[in-house]
Amino acid sequence: MQAFERSPTIASGEKVYHCGTLTYTKAGLAAIFAWLLWGDFCYTLMETVVPSILPLKLKGLDAPNWMIGMIITTLPGILNMTICPWVSFKSDRYRSRWGRRIPFIAITMPFLCISLALLGWSDDISKLLRQYIPLLHEYAPATITICLIAFFMFMFQFFYMFVGSVFWYLFNDIVPPQFIGRFVGAIRIIGTIAGALYNFFVFKYANIHMREIFIGVAILYFIGLGVMCLMCKEGKYPPCEGEAAKDSQGWEGIKTFLKESFSHKFYWLVFLSTAFNCTAWLILSFDIFFKQEMGLNLDQIGKSNAIGSIAVVAAMFFMSIFVDRWHPLRIGVYAAVFGLVSIFMNWVWIFVTLPGDYFFWLNLGNILIATFLSAIVIVARLPQDMRLFPQSRFGQFCSAQALVSSVFRIAAGVMAGLFIDIFKWFFNGSDFAYRFTFLWMAVFAVIGTIFLLRVYTEWYRLGGDTHFHPPAPWSPLKVEEMPIVSTVGPQTKWLNVAFRLFDGIMGVSTLSVPCLIWWMYVKQEMFACKWFCLVILPFSVLAWLTWIILKKKIRQDMKAAGIGMPPCNGIPHHGMLIIFGSKFLLAAGIWICQIIAAVSLTMEKGVIVFGIANVLTNFLLIGGIWLMCRIERGYSRLDTFLSIAEDDKAVESAAGHAEFDEKSPVMAYKQETIGTEMPICDTT
């Protein structure tokens with residue numbers, strides 16, 4: 001593999017890369033990437049199988065939704081908040097000839113695979129128990145099988161915590177930091193390919209070949225992770241700064257964990273934002289039932305997921321290079337704010353039911369147009385934690401985050417099931433209740449986004465792009481110094497591209513309305529025609545005018561930045577605006593297709609609902625841009641003004657390489673305001 005500790009024996013002139021005490025040649029770097037990617041492929045398949053098949057199995061056994069939520073989310077959550085912190089804390093401080101992460105993966109591997117196989121054999125074991133234990137004859141076979149699945153799931157999750165707790169930390173320990181963004185992109189690509197292959201070729205057999213799928217994945221995982229552990233090498237680690245050996249033992253270790261992890265407001269904000277967002281997406285355990293309610297079969301669900309995954313893989317190849325350039329936290333914040341728009345828009349399915357084939361193609365279209373957004377968000381998640389948490393205690397802080405999230409998941413796992421059951425009761429047991437999952441997602445995603453915005457402003461206050469170092473209460477400096485990866489601020493040229501995309505959204509949404517009104521008139525759907533004339537068209541025009549006003553204010557700030565003045569309203573970053581502008585411009589085409597389909601099917605109520613949804617989408621997009629302008633206004637970094645003032649010729653300046661005249665107005669403004677917060681202008 002050609003990975004070794006630093007040594008003078010490396011051939012002179014050969015380029016090498018370092019990660020701690022490890023040194024790689026180009027061939028060694030390629031080898032370590034290959035073995036880690038192979039391990040991730042097997043790991044992802046193991047992770048994918050359990051949550052995708054068990055809900056179907058439990059529902060087939062007539063388990064109530066609250067019990068499905070408890071088995072799939074609550075039980076793992078309890079283990080995640082107990083086992084995961086201990087393993088992570090110990091692995092950060094563990095020292096052995098095999099490293100500090102690999103021993104935890106290797107030792108638990110056989111037990112995890114056995115647990116996975118037992119899940120597949122749950123039906124057979126249930127029959128054997130009923131055959132040889134007479135007392136069990138009093139219970140229904142389905143009841144015994146559900147209890148066995150819960151027990152085996154507990155076993156599986158117990159041993160999985162040892163792997164899941166440290167698997168991702170291994171990357172931060174053995175991959176050179178200058179390659180971590182591209183490596184995470186490659187990891188996500190491989191993981192997505194694994195998921196796509198599973199969804200396309202295997203998932204449709206979930207109901208009839210559960211045993212074979214679980215056993216096959218267990219064997220593949222044992223071989224794949226075993227080979228990875230043998231071929232990957234960890235380096236030597238220094239002792240943890242600021243603590244003695246006794247501080248990691250017993251009760252003292254617990255106090256150290258709690259004191260270091262929860263004594264700074266910044267980390268609390270990070271943990272809570274993650275917890276609420278995890279709670280929001282937890283309801284997706286029931287997403288398969290929502291899609292079935294909308295008329296899709298397992299084959300269509302699997303194929304749409306697979307096609308979407310393949311598209312995301314291709315997009316990740318391009319998106320991974322922007323994660324470091326725009327900063328993963330910034331990507332996460334913009335994605336959270338604008339992602340709320342997509343979540344809210346799912347309310348339309350409460351009022352509209354399209355034929356299954358129509359819904360399949362429209363849903364697939366929405367999946368494909370969100371490809372680049374999904375790709376960059378997936379790639380940015382792990383680098384975000386690597387940028388925000390101290391590297392010396394990365395596992396500890398990840399586990400502290402998981403601990404807080406698990407507290408939420410324990411309660412939410414049951415509550416989500418009860419949430420669905422309440423709606424099922426209201427609709428007399430109908431699966432129509434699954435259409436309300438968006439409501440759960442919207443509430444908790446809003447709360448999570450609020451906390452993430454607080455993280456963003458606190459991150460700016462602690463130094464932002466150019467000076468942020470993770471708070472470290474155990475260090476005399478109170479921060480842990482880590483390498484600063486340069487980023488690029490908003491640029492005039494690309495902001496203009498983003499503006500044109502949003503111009504297109506408003507233009508298509510407004511100018512297409514008269515054509516759609518004519519189509520409704522031809523089809524003699526006069527009620528929908530009146531709604532579009534009296535409501536949809538006027539409000540579409542109003543949304544367009546509102547956007548023009550907001551764009552004008554942003555351009556005024558861009559001009560002010562050209563002479564070194566602070567923004568009055570704020571200048572958003574161009575990167576995510578371009579991605580969201582592209583997504584929603586294409587979504588306008590999907591909206592037109594929805595209207596045409598509804599008109600063709602003489603669904604006047606559906607036509608009106610889709611029209612209202614599009615108007616609301618435009619206003620929410622404008623509101624999202626306005627919000628990000630206000631967030632960026634008070635904490636705009638100095639090189640934002642430099643990159644705009646130099647008309648996008650200062651990309652290198654954002655990385656700290658360009659030289660400017662110290663007598664220029666921009667540099668004068670920089671010198672005057674270093675270390676101060678930007679003044680806030682009166683916008684009334």
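Buried means under 20% relative accessible area. Glu458, with a relative accessible area of 6%, is therefore buried. The views below come from a predicted model.

**View 1. Lys265 and Glu458 join two helices.** Lys265 and Glu458 form a salt bridge. Their closest N and O atoms are 3.7 Å apart. Lys265 lies in helix H11 (residues 265-282), and Glu458 lies in helix H18 (residues 437-461), so the pair ties together parts that are 193 residues apart in sequence.

**View 2. Helix H11 along its length.** H11 is mostly covered. Of its 18 residues, 14 are buried. At 1.5 Å a residue, H11 should span 26 Å. The C-alpha atoms at its ends are 26 Å apart, which agrees.

**View 3. A salt-bridge network around Arg101.** Asp92, Arg100, Arg101 and Asp173 are linked in a network of salt bridges. One of the links joins Arg101 to Asp92, with the closest N and O atoms 2.9 Å apart. Are these two residues buried or exposed? Both Arg101 and Asp92 are buried. The count for the model comes to 16 salt bridges.

View 4. The side chains of Glu212 and Arg211 meet in a salt bridge, at 3.4 Å from N to O. Glu212 has 42% relative accessibility, so Glu212 counts as partly exposed. Arg211 has 31% and also counts as partly exposed.

**View 5. Helices H20 and H21 side by side.** H20 covers residues 492-522, and H21 covers residues 526-562. Their axes come within 9 Å and cross at roughly 165°. Angles over 145 degrees count as roughly antiparallel, which makes H20 roughly antiparallel to H21. H20 passes H21 in a left-handed crossing. Which kinds of residue make up the contact of H20 with H21? The residues divide into 24 nonpolar, 6 polar and 3 charged.

**View 6. Val379 in helix H16.** Val379 is found in H16, which runs over residues 371-388. At 0% relative accessibility, Val379 counts as buried. Ile321 is 58 residues away from Val379 in sequence. In space, the C-alpha atoms of Val379 and Ile321 are 9.7 Å apart.

**View 7. Val407 in helix H17.** Val407 has its place in H17, residues 394-426. With a relative accessible area of 43%, Val407 is partly exposed. Val407 and Met81 are 326 residues apart along the chain. A distance of 6.8 Å separates their C-alpha atoms.

View 8. Most residues other than glycine have a negative phi. Asn428 has a positive phi, near 55°, and is a residue other than glycine. Where is Asn428 placed? Asn428 is in the loop between H17 and H18. Asn428 is exposed, with a relative accessible area of 76%. Lys478 is not a glycine, yet has a positive phi of about 65°. Lys478 lies in the loop between helix H19 (464-467) and H20.

Methods
Residues numbered from 1 in each chain as written. Predicted model: local features only at pLDDT ≥ 70, side-chain atom pairs only at ≥ 80, totals over all residues. Heavy atoms only, no water. Axes fitted to C-alpha atoms, helices over the stretch in contact; angles between N-to-C directions. Helix = DSSP H or I, 4+ residues; strand = E, 2+ residues; numbered from the N terminus. Parallel < 35°, antiparallel > 145°, perpendicular 65-115°, else oblique. Left-handed = near helix turned anticlockwise from the far one by under 90°. Nonpolar A, V, L, I, M, F, W, Y, C, P; charged D, E, K, R; others polar. Salt bridge = Lys/Arg side-chain N within 4 Å of Asp/Glu carboxyl O. Buried < 20%, exposed > 50% of the residue type's maximum accessible area, 1.4 Å probe, protein only. Expected span 1.5 Å × (residues − 1).
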